[in-house]
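Here is a friendly briefing to read alongside the model. Take a look at the structure first, then work through the points by topic.

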Protein chains: 2
Amino acid sequence: MTEALLDIAEVAGRSGLAPSALRFYEKKGLIAPAGRNGLRRTYRPDVLDRLALISCARTAGFTVAEIGRFLVATPGDTDLRARMAVKARELEEDIARLTRMRDGLRHAAACAHETLVECPDFKRAFAAPAQPVPR
Amino acid sequence: MTEALLDIAEVAGRSGLAPSALRFYEKKGLIAPAGRNGLRRTYRPDVLDRLALISCARTAGFTVAEIGRFLVATPGDTDLRARMAVKARELEEDIARLTRMRDGLRHAAACAHETLVECPDFKRAFAAPAQPVPR
DNA sequence: CCTTGACTTGAATCGCGCTTCAAGTCGCAG
DNA sequence: CTGCGACTTGAAGCGCGATTCAAGTCAAGG
């Protein structure tokens with residue numbers, strides 16, 4: 001356990017993130033090094049969990065700022081809990097959209113219309129509820 | 001049917017996109033006006049379907065360039081079909097990630113740990129298979 | 001001690017997807 | 001014909017999420 005701390009390069013390697021990204025996240029308050037070895041940042045291993053979470057949230061469409069807010073959440077922060085619930089609902093919609101898109105793509109990879117746009121099945125997948133605008 | 005064509009403002013209104021976005025998409029080859037009325041672009045009504053598709057694809061994470069490529073796809077373009085299949089598989093993963101994220105958020109909105117990061121249930125939701133790196 | 005080479009910093013740059021802006025052009029009502 | 005106002009253009013700007021760069025600093029090894 002004398003080697004408990006990870007060098008930034010180590011963290012970069014294991015997390016799959018660039019060192020520059022780690023510094024970027026630090027500047028944004030998402031992570032913090034445990035200390036330094038000379039100038040070199042060193043991290044506690046559990047930063048890897050945090051980074052996994054961050055990556056996941058990023059690819060789920062959260063902005064870095066949002067993630068930062070979530071990461072400092074305490075149980076008393078009902079405001080933030082509400083925001084989380086909202087986000088969960090938004091994710092629901094995103095999932096539905098992605099699912100439609102996936103099905104559309106699957107069909108598109110198989111159907112035989114001149115161009116995608118002419119495939120009625122494909123189009124049907126995107127009766128997007130963007131702006132109903134009846135008239 | 002003498003009024004078959006839509007003015008750009010009309011299209012913007014019905015599609016929920018800004019006129020500037022329409023011009024932007026045109027520059028990128030995603031859409032084309034049917035003609036002009038003076039300087040004013042006019043569109044065939046079916047451009048709305050196309051725009052719905054585009055919006056959907058955008059929110060599904062496709063870049064404008066990708067969408068452009070998909071839109072000109074012909075049945076013979078096996079390359080592109082392959083790419084679509086790949087995209088469909090990627091979407092699958094995205095959906096899985098979003099689902100995990102949603103579940104994590106739902107839990108987070110309810111659980112009672114000091115900070116999110118300390119909630120083992122929450123963390124468990126993100127055993128991200130980013131970089132396994134066994135040793 | 002002096003080199004090596006991986007890190008450090010802040011600032012600049014990039015790619016994407018638009019939006020905004022200044023300046024110009026048109027159709028149409030009066 | 002005149003003026004209004006909604007459009008046109010190309011170019012510049014913006015927000016985000018990083019990456020890249022130049023210049024500096026450090027620990028360890030020869």
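**Around DNA strand C**

By class, nine nonpolar, three polar and six charged residues make up the surface near DNA strand C. Here Ala, Val, Leu, Ile, Met, Phe, Trp, Tyr, Cys and Pro count as nonpolar, Asp, Glu, Lys and Arg as charged, and the others, Gly among them, as polar. A residue is near a strand if one of its heavy atoms lies within 4 Å of it.

This is a predicted model, in which local features need pLDDT of at least 70 and side-chain atom pairs count only at pLDDT 80 or more, while totals for chains, interfaces and linings use all residues. Residues are numbered from 1 along each chain as its sequence is written, chains are lettered from A and ligands numbered from 1 in the order in which they are written, and side-chain values use heavy atoms, with hydrogens and water left out.

- DNA strand C is surrounded by 18 residues, and the closest are A:Ala9, A:Arg23, A:Leu39, A:Arg41 and B:Arg58.
- Sugar or phosphate supplies 83% of the atoms of DNA strand C within 4 Å of the protein, and bases supply the rest.
- In chain B, a polar side-chain atom of Ser20 is 2.8 Å from a phosphate oxygen of DNA strand C.
- For B:Val64, a polar backbone atom lies 3.1 Å from a phosphate oxygen of DNA strand C.
- Two or more residues each come from α1 and β3 (40-43) of chain A and from α2 (19-27) of chain B. Helices (H or I, at least four residues) and strands (E, at least two) are DSSP runs, numbered from the N terminus.
- With four residues, α2(B) provides the largest share of the surface near DNA strand C.

**Around DNA strand D**

- How many residues surround DNA strand D? There are 18, and the closest are A:Arg58, B:Ala9, B:Arg23, B:Leu39 and B:Arg41.
- Of the atoms of DNA strand D that come within 4 Å of the protein, 85% belong to sugar and phosphate.
- A polar backbone atom of A:Val64 is 3.2 Å from a phosphate oxygen of DNA strand D.
- The elements giving two or more residues to the surface near DNA strand D are α2 (19-27) of chain A, plus α1 (8-15) and β3 (40-43) of chain B.
- The most comes from α2(A), which gives four residues.
- Sorted by class, the surface near DNA strand D holds nine nonpolar, three polar and six charged residues.

**How the two chains are related**

- Two copies of a chain are related by a rotation about an axis and a shift along it.
- Chain A is superposed on chain B by a rotation of 179 degrees with 0.1 Å of shift along its axis (RMSD 0.3 Å), using least squares on the C-alpha atoms of residues with pLDDT of at least 70 in both.
- This is the relation of a two-fold axis.
- Which C-alpha of chain A is nearest the axis? That of A:Ile95 is, 2.9 Å from the axis.

**Where chain A meets chain B**

- In contact (heavy atoms within 4.5 Å) are 49 residues of chain A and 49 residues of chain B.
- The copies meet through the same surface, because 98% of the interface residues of chain A are also interface residues in chain B.
- About 4,400 Å² is buried between chain A and chain B, 70% of it on carbon and sulfur atoms. Buried area is the accessible area (1.4 Å probe) that two parts lose on being put together, summed over both.
- Four salt bridges are found across this interface, a salt bridge being a side-chain nitrogen of Lys or Arg within 4 Å of a carboxyl oxygen of Asp or Glu.
- B:Arg106 and A:Glu92 form a salt bridge, with their closest N and O atoms 2.6 Å apart.
- On the side of chain A that touches chain B, the largest share, 16 residues, comes from α5(A).
- By class, that side of chain A has 27 nonpolar, nine polar and 13 charged residues.

Notes
Polar contact = N/O pair within 3.5 Å; in protein donor to acceptor, adjacent residues only side chain to side chain.
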